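Student: I have a sequence and a model open. Please show me how to read the main features.

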Amino acid sequence: MKAGVLTGPQRIEIRRVPVPEMAPGMLKIRISACGVCGSDIHMWKAGKGWSPEPLDNFHMGHEFCGVVVDPGDSGFQIGDRVTFWANLYCGKCDMCRAGKEHLCRDVHGTNYIGFVCNGGYAEYFVGKAGNAYKLPDTVSDVAAGLIDPLMVAYHAVRQSSLKLHDKVLVVGSGIIAQLIGGLAKKAGASALAMSRIDERQTGKAREIGDFDAYFDGNDPDRAAKMQEASEGGFDVVFEAVGAGESLAACMDGVKPGGEIVMIGNSMTPTVPFELNRAVLHEVRLTGSVSCTRKEFTETIDLIAKGIIDAEKYVTGILPLDQLQHAFEKQISPAESVLKTVIRL
Ligand SMILES: [Zn+2]
Ligand SMILES: [Zn+2]
């Protein structure tokens with residue numbers, strides 16, 4: 001089969017590799033589509049996955065769907081359209097037993113399909129049937145490529161204290177930031193603003209039209225403008241970048257007694273933070289990662305029921321042969337990529 005193999009730093013080659021073999025408890029699919037994720041970029045830059053031992057013909061991809069070609073003993077039927085939840089949770093630890101599979105003691109933020117084992121940038125995939133979910137007909141292959149970022153946004157909104165008529169600020173302009181905006185509007189935000197440093201990425205957001213206001217994250221008068229526009233601060237602020245500077249922008253926008261929900265992963269182990277301001281203003285800090293297994297199925301349902309139109313957020317659809325190009329585009333300062341989906 002064809003696969004987009006990560007052969008070195010910033011290098012993907014389309015190679016012929018063996019079709020993965022079936023095993024008990026597994027399911028084999030012919031892949032239809034796979035979304036390109038920001039977290040893939042880190043592995044692409046490093047030229048390797050997160051598996052402790054190097055894998056043969058390692059190919060990434062964790063935002064994929066396909067058609068069952070061998071159901072094994074799973075109960076799925078040949079021809080079923082399925083997507084896989086990438087989270088390789090153990091199912092046995094205290095977190096898993098409490099329905100918090102995203103906090104599984106075995107996962108550590110990297111134990112995902114396409115991170116520690118081969119993923120969806122290939123023609124076929126074999127994975128644990130327990131991680132597979134049937135796709136309703138109203139979820140297209142391309143939309144299925146958005147389930148992974150949407151689940152992150154969905155969990156973040158549910159982690160927050162957001163109530164009807166609250167004012168919401170989203171710091172960041174990437175796909176997660178924009179999906180959080182879309183969901184926050186659905187959840188009843190009365191005013192929705194975005195703080196961003198890259199104007200090009202907001203093109204899609206302006207086209208979709210959920211956000212009421214935009215702030216320039218580099219503006220020295222940022223704090224005053226945010227406080228004025230929100231008449232004293234935002235009730236809930238989402239941090240969807242993962243940097244000290246964007247956390248500072250959250251602090252500038254949040255209202256006393258308000259909440260900052262942190263979704264962005266930092267590339268450095270520590271970031272500067274105005275501790276006293278958070279304490280004196282009783283700002284609540286909430287972490288948010290991935291989603292629970294239950295929320296994963298609910299995310300599929302959000303798309304299936306048309307509560308969120310996932311395809312609106314797609315900025316490019318490319319064939320597998322252009323996977324290297326898709327990654328180059330993703331980091332190019334001249335491009336404005338929100339979400340690329342690879343069609344197979
Ligand atoms: Zn992803
Ligand atoms: Zn577990």
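**Reading the fold**

Tutor: Start with the open sheet: six strands in the order β10-β9-β8-β11-β12-β13, with parallel pairing. Strands are DSSP runs of E with at least two residues, helices are runs of H or I with at least four, and both are numbered from the N terminus. Two strands pair if DSSP finds at least two bridges between them. This is a predicted model, where local features need pLDDT of at least 70, side-chain atom pairs count only at pLDDT 80 or more, and totals for chains, interfaces and linings use all residues. Residues are numbered from 1 along each chain as its sequence is written, while chains are lettered from A and ligands numbered from 1 in the order in which they are written.

Student: How many bridges join β11 and β12?

Tutor: Five, in the parallel sense, between β11 (residues 234-239) and β12 (residues 254-262). V237 has I260 in β12 as its bridge partner.

Student: How is a pair of packed helices described?

Tutor: By the angle between their axes and the distance between the axes. Axes are lines fitted to C-alpha atoms, for helices over the stretch in contact, and angles run from 0 to 180 degrees between N-to-C directions. Take α7 (residues 222-229) and α8 (residues 244-253): they pack at about 40°, axes 8 Å apart. The two helices are therefore oblique to each other. The cut-offs: under 35 degrees is roughly parallel, over 145 roughly antiparallel, 65 to 115 roughly perpendicular, and the rest oblique.

Student: Which residues make the contact between α7 and α8?

Tutor: R222, A223 and M226 of α7 meet A249, D252 and G253 of α8. Contact requires C-beta atoms, placed from the backbone, within 7 Å.

Student: What about antiparallel pairing?

Tutor: See β1 (residues 2-8) and β2 (residues 11-16), paired in the antiparallel sense over six bridges. K2 stands opposite R16 in β2. Their hairpin has two residues between the strands, and Q10 there takes a positive phi near 55°.

Student: Where do the domains of the chain lie?

Tutor: Domain 1 covers 2-135 + 314-343, and domain 2 covers 152-287. Such bounds come from an automatic or database domain assignment. The C-alpha centres of domain 1 and domain 2 are 29 Å apart. Five residues of domain 1 are in contact with seven of domain 2.

Notes: Two residues are in contact if their C-beta atoms, placed from the backbone, lie within 7 Å.
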